[in-house]
Amino acid sequence: MVFSGCSVTNGKGRGIVCQTGMHTRIGRIAQLIAGKDGDKPKTKCFGFLPDTSANATPLQQNLEKLGARIGLIAIGVCVVIFIIGVAMDRTDPANPGSPAWLYMILIAVTLAV
């Protein structure tokens, strides 16, 4: 079986057409991209850029969810590092008289960036 997106570079063969148009695999991908409400008017995102979230592919939607999860995990790690550092009373080695929470805020923000 050969799909319409495949390239054949050499050889002989015979083929039979099973499905055409939107009933093919590439047609299904086109339906996913177009979505059910592809005719909505474009709105502006923050007043400057067009909002393209309605036309996002499934891959783009999954990547957006993954980015949000990674961001939340990074913030969580920074909070945990801050709490552990304050609990262990970690102070700045260059300035031992400064409070531990101030030094750990610096470490947590540096880690977040």
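1. Of the 113 residues of the protein chain, 9% count as buried, where buried means under 20% relative accessible area, exposed over 50%, and partly exposed in between (1.4 Å probe, protein chains only). The chain exposes about 9,900 Å², of which carbon and sulfur atoms supply 65%; accessible areas come from the Shrake-Rupley method with a 1.4 Å probe.

2. This is a predicted model, in which local features need pLDDT of at least 70 and side-chain atom pairs count only at pLDDT 80 or more, while totals for chains, interfaces and linings use all residues. Residues are numbered from 1 along each chain as its sequence is written, and side-chain values use heavy atoms, with hydrogens and water left out.

3. Three helices and two strands make up the secondary structure, in the order α-β-β-α-α along the sequence. Helices (H or I, at least four residues) and strands (E, at least two) are DSSP runs numbered from the N terminus. Among contacts (heavy atoms within 4.5 Å) with a separation of 6 or more, 20% join residues 24 or more positions apart.

4. The end C-alpha atoms of α2 are 43 Å apart, which agrees with the 44 Å that its 30 residues should span at 1.5 Å a residue. The expected span is 1.5 Å times one less than the number of residues.

5. D89 lies in the loop between α2 (58-87) and α3 (100-112). Its phi is positive, near 60 degrees, although most residues other than glycine have a negative phi. D89 counts as exposed because its relative accessibility is 52%.

6. C18 is exposed at 57% relative accessibility, whereas C78 is buried at 7%. The count of disulfides (cysteine sulfur atoms within 2.5 Å) is zero.
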